Amino acid sequence: MRKIFPLWLIALAALLVTACTPEVEDKFDQSSAKRAEESITQTQQLLTSNKAGWVMHYYGRLDLGGYNLLCQFDGDKVTISDEDSKTATSHYKLEQSAGTVLSFDEYNEVFHYYSDPAVTDFSTDGKPDGKGFNGDLEFRVISTSADSIVMEGKKHGDRIVMVPLEAGSSWKDYMNKTLAVRDSMADYNNFAIVVDRDTLPATLDQRCLTVTGKDGKDFSVPFVVTPKGYSLYEPLDINGKTIKAFNYSSSSEWKDPDNANVALVPVIYPLNKQLVTNLWYFKYSGLSERAQAFWDISYELQEKYKEDTRYLILGNYEMNWLYGKTYGLSFSHVYGNTHYEGTLTIDYELIGNDEVKMTYVPQRNVPNASWYIRNYRYDAIIYPIATEKGRTFKLSCDNPRHPAEITMTDVDDPTNVITVYQDFVSWPFYY
């Protein structure tokens with residue numbers, strides 16, 4: 001049966017509800033426009049009041065870590081200096097857009113370098129990738145105090161912090177101390193994060209530590225270098241300890257300032273372990289004539305069919321999430337604008353401290369590898385490096401603490417010599 005309520009009853013109910021609703025007091029004494037205006041004014045006063053300037057810990061792509069930019073705000077102008085002491089002045093503004101927004105709205109040669117998608121310094125192969133550093137130009141102001149200004153990139157959402165430069169400290173002194181720490185701490189490839197009795201291995205790349213957790217999975221820890229050491233992008237929680245920084249020390253342990261039982265310790269692995277722990281790049285000029293003769297077989301086919309090898313990597317490389325990491329000879333092949341990747345799988349055996357045996361395992365090759373073996377003779381590329389019976393190499397390097405290159409000399413055939421490089425090498429057949 002349909003229920004019909006008289007209109008007078010509905011009206012009465014509405015009246016009673018209205019009558020019983022308590023009055024809501026205005027939470028704020030001022031209008032939102034007035035509050036926004038005051039927020040902008042207070043932020044401007046804070047920016048310009050520190051005559052020594054501010055240190056901006058600037059992040060874009062987190063896998064590259066953070067950079068230091070020194071900023072001095074004067075009126076509506078800002079002067080910015082980078083880690084190379086390059087300086088430029090431009091206009092900035094503060095405006096209201098769902099909160100206070102700091103905008104670097106005029107081209108600044110120093111600052112806009114980090115948001116330029118055509119910059120090649122931050123790409124993996126030195127070629128434009130349309131990202132550059134992926135930095136922002138506009139920042140939402142999250143919080144302000146005399147000790148820090150915390151912001152968030154409006155487009156990419158990275159957390160940006162500005163801290164005041166100490167009175168009496170010059171920009172030159174700050175950067176000199178920072179770069180000295182950077183160079184000292186970067187003199188190693190491998191580290192261990194020690195928390196109480198647990199040790200987690202870590203490798204250094206750019207300004208980011210890749211840490212292997214107790215579950216065997218890797219995670220990234222971006223940081224910015226300061227005169228004190230590494231200041232982490234965000235707190236790192238391990239075993240109930242919250243880690244925010246690692247302070248540099250001339251000793252072998254760089255402590256977290258708030259946790260005496262937490263340290264970042266540089267590790268010097270035996271040379272053969274450094275070879276299999278890190279990624280290494282090949283180039284044609286790093287091969288002996290005997291090894292080059294095998295590579296020439298593949299290169300002639302590439303020339304014929306207008307394809308190119310973009311890179312060749314030795315190491316435990318993850319092409320994509322589907323296959324995970326596979327140790328071996330990984331490649332990227334380019335045809336037009338399309339890239340094809342694959343891995344020729346290698347098992348290794350460490351012998352002593354400076355020898356390694358490389359055994360090729362074709363049945364475990366990651367897809368695309370078999371196609372490039374058949375069509376571009378990638379079996380000839382891997383032959384000087386590893387065979388199914390195994391090749392044993394004697395290793396040497398330029399710097400045992402932080403090798404830039406490792407030379408592999410075939411124990412059974414000393415004319416077969418291969419040098420691999422820490423820095424990325426693109427188009428290996430041309431170098």
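Predicted model: local features only at pLDDT ≥ 70, side-chain atom pairs only at ≥ 80, totals over all residues.
We begin with a sheet of nine strands. The sheet is open, its pairing is antiparallel, and its strands come in the order E4-E3-E2-E1-E9-E8-E7-E6-E5. The edges are formed by strand E4 (87-91) and strand E5 (93-96), each of which pairs on one side only. Neighbouring strands in this sheet are turned by 30° against each other on average, with direction ignored. Strand E1, residues 54-59, and strand E9, residues 159-164, are antiparallel and share four bridges. Met-56 has Met-162 in E9 as its bridge partner.

Two helices lie across strands of this sheet. Helix H2, residues 32-49, lies across E1, strand E2 (66-74), E5, strand E6 (100-103), strand E7 (138-144), strand E8 (149-153) and E9, and it runs at about 160° to E5. Helix H3, residues 171-185, lies across E1, E2 and strand E3 (77-81), and runs at about 175° to E2.

A second sheet has eight strands. This sheet is also described as open with antiparallel pairing, and its order is E15-E14-E13-E12-E11-E10-E17-E16. Here the edge strands are E15 (241-247) and E16 (254-256), and each pairs on one side only. The twist from one strand to the next averages 30°. Inside the sheet, strand E11 (residues 198-205) runs antiparallel to strand E12 (residues 208-212), and four bridges join the two. Leu-204 is bridged to Leu-209 in E12.

Six bridges join strand E21 (residues 338-351) to E22, and the two run antiparallel. In this pairing Leu-350 stands opposite Val-356 of E22. The hairpin of E21 and E22 has three residues between the strands, and Gly-352 in this hairpin takes a positive phi near 60°. E22 is also joined by four bridges to strand E23 (residues 391-397), again in the antiparallel sense. Glu-355 stands opposite Lys-394 in E23.

Which residues of strand E22 make up its covered face, and which its uncovered one? Val-356, Met-358 and Tyr-360 are on the covered face, while Glu-355, Lys-357 and Thr-359 are on the uncovered one. The pattern follows a general rule: in a regular strand, side chains alternate between the two faces of the sheet.

The last stop is Pro-428, which lies in the segment after strand E25 (417-421). Is Pro-428 buried or exposed? Pro-428 counts as buried because its relative accessibility is 0%, and the cut-off for buried is under 20%. Leaving aside neighbours within four places in sequence, Pro-428 is in contact with Phe-282, Lys-283, Tyr-284, Thr-309, Arg-310, Tyr-311 and Leu-312. Pro-428 and Gly-286 are 142 residues apart in sequence, and their C-alpha atoms are 9.5 Å apart in space.

Notes
Residues numbered from 1 in each chain as written. Heavy atoms only, no water. Pairing = 2+ DSSP bridges. Axes fitted to C-alpha atoms, helices over the stretch in contact; angles between N-to-C directions. Buried < 20%, exposed > 50% of the residue type's maximum accessible area, 1.4 Å probe, protein only. Contact = heavy atoms within 4.5 Å.
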